[in-house]
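Welcome! Try each one before reading its solution.

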Amino acid sequence: MIYVLILAGVSMMAGLSILVPRAGYALGLVVAVVMMLLAGLRGDSVDHNQYEFLFELMQIGEDIPLPARLFLGKDLLFGGLMAVVIAAGGSVAMLFAASAVIGVGAKVIAFNRAFGQAAVPLLASLALYFFLHEFTQVRVGIALGFLYWALVEYSFDRPRRAAVIAVTGVLFHASAVMLLIYAPVLRMRGTPRLVAAVLTTLALVYAVPLALDSVGILGERGELDATGTGTSWLPVLLAFVKIALLSWMLPAVRQRSPLPLRPLLDHCLLLCWVAVAFILGFQTASSALAFRTYELFDAFSVFIVAAAFVNGPIGTRLAALALCAVALLVFNHAGLLVPYSLAKF
């Protein structure tokens with residue numbers, strides 16, 4: 001199976017990048033190209049037909065004036081990307097290829113700035129979220145690439161640059177604006193940081209369902225779990241197991257990581273805890289909302305898992321490996337690893 005071969009190849013290059021640090025940059029580029037090709041050249045996925053529909057909708061909506069036409073792609077910059085592909089005479093396959101290049105490319109920049117190499121964090125990304133985002137939720141995949149980059153810049157005390165990059169991510173998927181709400185919280189330290197995070201999360205858990213329900217979004221979205229508006233026990237259990245492992249891993253990983261990387265890892269763990277609060281807090285409103293917000297915030301666990309592989313002791317590396325393996329099993333069980341087929345350009 002092509003997924004097994006890709007995973008094995010990426011794992012080998014990630015291991016080489018740890019053993020031969022000077023080759024890390026080049027190996028990261030190779031891994032990035034492999035992942036871009038894997039996502040960009042695919043001919044099918046769970047949400048593939050929905051993106052085909054959006055593409056065809058924009059094609060027949062050429063008489064709609066700009067910028068209104070761009071919102072046929074749901075989000076402004078994604079609609080702009082669709083419009084550029086259509087203007088260039090490209091097909092929907094070109095849209096997927098361009099999306100993979102942009103999304104994975106932004107992650108490569110973020111990982112290189114954080115770790116000085118991208119092969120290992122790209123391996124973590126491949127296992128933990130690649131098949132959910134780059135393969136399925138394409139707009140989220142692009143948005144998270146820019147948000148990863150923005151958080152790295154923010155952690156390295158470049159707030160203005162981070163703001164521009166983060167807004168770019170929001171314009172690819174509007175839900176990413178929830179992450180920006182936590183930017184002031186991340187600047188805090190100690191008890192005020194914890195109190196602010198709890199109060200912000202409680203406010204969002206109360207306000208977001210009301211806001212979405214007022215515009216008729218809740219109730220119309222298909223539930224992601226079989227239990228109506230509630231979230232089934234399995235994702236909740238996995239969320240608690242994962243946050244427990246991440247919380248256990250962080251002190252040892254943080255101690256062995258370079259000083260500039262430590263604030264970034266702290267920020268990521270806080271966002272992962274917020275993710276758990278969301279999957280619990282939103283479940284009575286909508287399992288779709290609970291899951292979407294959880295996976296959006298929990299996606300930042302990639303940095304902790306990558307740091308464990310690069311800098312952590314053997315125990316944390318084994319824990320990181322276990323998290324990656326479980327994630328792949330979950331994606332396979334959910335049917336996200338559809339049989340691979342090449343796109344027709």
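Helices here are DSSP runs of at least four residues in state H or I, and strands are runs of at least two in state E, numbered from the N terminus. Keep in mind that this is a predicted model.

**Exercise 1.** Find how many helices and strands there are in the protein.

*Solution.* Counting the runs gives 16 helices and 0 strands.

**Exercise 2.** Decide what the radius of gyration says about the overall form of the protein.

*Solution.* Start with the chain length: for 345 residues, a compact globule would have a radius of gyration near 20 Å. The protein has 19 Å, which agrees. Next, look at the C-alpha trace, which spans about 60 × 45 × 40 Å along its principal axes. Finally, 53% of the 345 residues count as buried.

**Exercise 3.** Work out how helix α12 runs relative to helix α13.

*Solution.* First locate the pair: α12 covers residues 233-256 and α13 covers residues 262-281. Their axes lie 10 Å apart, at an angle of about 165°. Angles over 145 degrees count as roughly antiparallel, so α12 is roughly antiparallel to α13. The crossing is left-handed. Residues making the contact include Phe240 and Leu250 of α12, and Leu269 and Trp273 of α13. By type, the contact residues are 15 nonpolar, 2 polar and 3 charged.

**Exercise 4.** Is Thr200 buried or exposed?

*Solution.* Thr200 sits in helix α11, residues 190-214. Its relative accessibility is 18%, and buried means under 20%, so Thr200 counts as buried. Leaving out residues up to four places away in sequence, Thr200 touches Ile181, Tyr182 and Val185.

Methods
Residues are numbered from 1 along each chain as its sequence is written. This is a predicted model: local features need pLDDT of at least 70, side-chain atom pairs count only at pLDDT 80 or more; totals for chains, interfaces and linings use all residues. Side-chain values use heavy atoms; hydrogens and water are left out. Axes are lines fitted to C-alpha atoms, for helices over the stretch in contact, and angles run from 0 to 180 degrees between N-to-C directions. Angles under 35 degrees count as roughly parallel, over 145 as roughly antiparallel, 65 to 115 as roughly perpendicular and the rest as oblique. A crossing is left-handed if the near helix is turned anticlockwise from the far one by less than a right angle, and right-handed if clockwise. Contact means heavy atoms within 4.5 Å. Ala, Val, Leu, Ile, Met, Phe, Trp, Tyr, Cys and Pro count as nonpolar, Asp, Glu, Lys and Arg as charged, and the others, Gly among them, as polar. Buried means under 20% relative accessible area, exposed over 50%, partly exposed in between (1.4 Å probe, protein chains only). The radius of gyration is taken over C-alpha atoms; the globule rule is 2.2 Å times the number of residues to the power 0.38.
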